[in-house]
Amino acid sequence: MSFYKIIKKWQGQNFKEYFNDVSSQEVKKIIAKDKITSEDFLKLLSTEAANHLEAMARKAHNLTVQNFGKVVLLYAPLYLGNYCQNQCVYCSFNSNNNFERKKLDLNEVRREAEVLLEKGIKHILILTGSSRKHTPVSYIKECVEVLKEYFSSISIEVYPMQTSEYEELIEAGVSGLTLYQEVYNKEVYDKLHLKGPKTDYKFRLDGPERGCKAGMRNVNIGPLFGLDNWRKEAFWLGIHAQYLQNKYLSTAFNVSLPRLQPSAGNFSPKSEVDDKSLVQIMLAIRLFLPRIGINISTRENADIRNNLIPLGVTKFSAESNTVVGGYTSQNGESQFSISDERSIDKIKEMMKNKGYQAIFKDWHIF
């Protein structure tokens with residue numbers, strides 16, 4: 001069964017009984033379980049479960065230490081281009097937005113790599129806008145050939161591809177795929193993605209699975225919280241990750257929990273996700289999926305990132321820049337605002353003070 005069929009099945013469910021009609025005793029029983037079901041997971045996203053975050057946090061911490069130890073992997077994004085064919089109303093790279101577009105040539109890619117390597121970064125995430133014309137697979141491969149001279153692991157966050165294209169990039173040296181559905185609710189998805197290849201909801205939804213079939217070592221998924229009801233979106237994320245984890249046993253999976261940030265066009269989020277709600281999402285996912293990696297990026301401010309570490313975080317972006325060529329020049333349009341601008345050294349120090357180790361390399365491409 002494809003994940004699309006699973007999500008269609010669940011979309012007919014009455015979520016009210018899970019989100020609003022849950023008792024305190026039910027939540028306590030779920031927290032005490034060794035393994036929780038999809039229905040239990042829904043109840044941990046309920047309004048009542050928000051009153052039990054302390055108990056959830058204790059269990060989430062223990063599960064994370066048990067499965068991952070007290071380490072957090074640091075990585076950095078590297079933007080190769082910002083050309084885009086899509087009209088996504090919430091994104092500053094929207095093809096209707098008028099700003100100077102650019103992509104890096106290979107010499108510029110090398111200079112960006114040298115700056116990041118000097119900071120100690122070994123794992124990078126390369127990003128482009130969604131334009132096959134300006135940043136085709138062949139261009140991404142050329143960039144990877146340069147970057148693998150510098151980094152232990154290279155992941156991509158680009159437009160969805162066919163399985164054969166992912167295979168090409170893996171052969172070139174790519175080891176990880178990040179692909180956000182943005183919003184799982186198809187009705188909302190269709191309203192937010194007005195034009196371009198991204199209007200194909202199902203092709204994007206199946207993208208992570210095509211990456212798994214191609215042999216990606218790491219796959220990272222997530223919605224953009226704020227585009228629709230956060231409880232439902234967190235649930236879709238959890239069952240999507242569970243589906244992939246159960247089906248592709250040789251792939252390591254991570255989830256990201258980004259909240260919508262201001263962008264060009266002044267788009268306002270439909271569903272506000274405050275700090276307490278973000279914590280609840282993260283704890284519920286950890287209890288549901290004890291062995292899933294959890295990534296918190298520099299979209300979030302320093303205080304919330306610091307406080308989330310003991311609750312289940314396994315991956316952290318550090319000293320990020322979302323401008324194309326931004327590590328060597330600050331000129332250009334950023335995709336979203338950076339909230340945590342601390343240096344890598346400051347983040348390492350903070351983690352050490354919390355009893356955690358920041359790691360830069362956990363494996364190497366050969």
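1. Just after helix α8, Gly173 takes a positive phi of about 135°. Helices here are DSSP runs of H or I with at least four residues, strands are runs of E with at least two, and both are numbered from the N terminus. Please keep in mind that this is a predicted model, in which local features need pLDDT of at least 70, side-chain atom pairs count only at pLDDT 80 or more, and totals for chains, interfaces and linings use all residues. Residues are numbered from 1 along each chain as its sequence is written, and side-chain values use heavy atoms, with hydrogens and water left out.

2. Now look at α8 itself, which spans residues 163–172. Which of its residues are buried? They are Glu165, Tyr166, Leu169 and Ala172. (Buried means under 20% relative accessible area, exposed means over 50%, and partly exposed is in between, using a 1.4 Å probe and protein chains only.) These residues sit on the same side of α8 because they cover an arc of only 115° around the axis; the arc is that of the directions from the helix axis to the C-beta atoms. The buried residues of α8 pack against α7 (137–147), β3 (153–157), β4 (176–182) and α11 (207–214).

3. Glu182 counts as buried because its relative accessibility is 10%.

4. Next, turn to β2. Of its 5 residues, 5 are buried. Both faces of the strand are covered, with His123, Leu125 and Leu127 on one side and Ile124 and Ile126 on the other. Strand β1 (residues 71–79) runs parallel to β2 and is joined to it by 4 bridges; two strands pair if DSSP finds at least two bridges between them. To see the pairing for yourself, look for Ala76, which stands opposite Ile124 in β2.

5. Ile126 also leads us to the largest nonpolar core, which has 124 residues. A nonpolar core is a set of buried Ala, Val, Leu, Ile, Met, Phe, Trp, Tyr and Cys residues joined through side-chain atoms within 4.5 Å. Which members touch the most other members? They are Ile126, Ile140, Ile156, Leu257, Phe316 and Met351. Leaving aside neighbours within four places in sequence, Met351 is in contact (heavy atoms within 4.5 Å) with Val72, Leu74, Ile309, Phe316, Tyr356 and Ala358.

6. Is Ser130 buried or exposed? Ser130 is buried, since its relative accessible area is 13%. Its side chain is joined to that of Asn86 by a polar contact of 3.1 Å.

7. A word about the cysteines. A disulfide is a covalent bond between the sulfur atoms of two cysteines; here, the cut-off is a pair of cysteine sulfur atoms within 2.5 Å. The structure holds 0 disulfides. Cys84 is in no disulfide, and the nearest cysteine sulfur, that of Cys88, is 6.0 Å away. Cys91 is buried, with a relative accessible area of 15%.

8. Helix α12 (residues 230–247) holds Tyr243, which counts as buried at 10% relative accessibility. The C-alpha atoms of Tyr243 and Ser2 are separated by 8.9 Å, although these residues are 241 residues apart along the chain. Not counting residues up to four places away in sequence, Tyr243 touches Met1, Ser2, Phe3, Ile6 and Glu209. A polar contact of 3.1 Å also joins the side chains of Tyr243 and Lys247.

9. Finally, visit the loop between β8 (315–317) and α15 (344–353), where Glu319 is found. Its phi is near 50°, a positive value in a residue other than glycine. Glu319 is partly exposed, with a relative accessible area of 22%. Asn321 lies in the loop between β8 and α15 too, and is buried at 10% relative accessible area. A polar atom of the Asn321 side chain lies 3.1 Å from the backbone oxygen of Gly326.

Terms used
A polar contact is a pair of N or O atoms within 3.5 Å; within protein, one must be able to donate a hydrogen and the other to accept it, and residues adjacent in sequence count only if both atoms are side-chain atoms.
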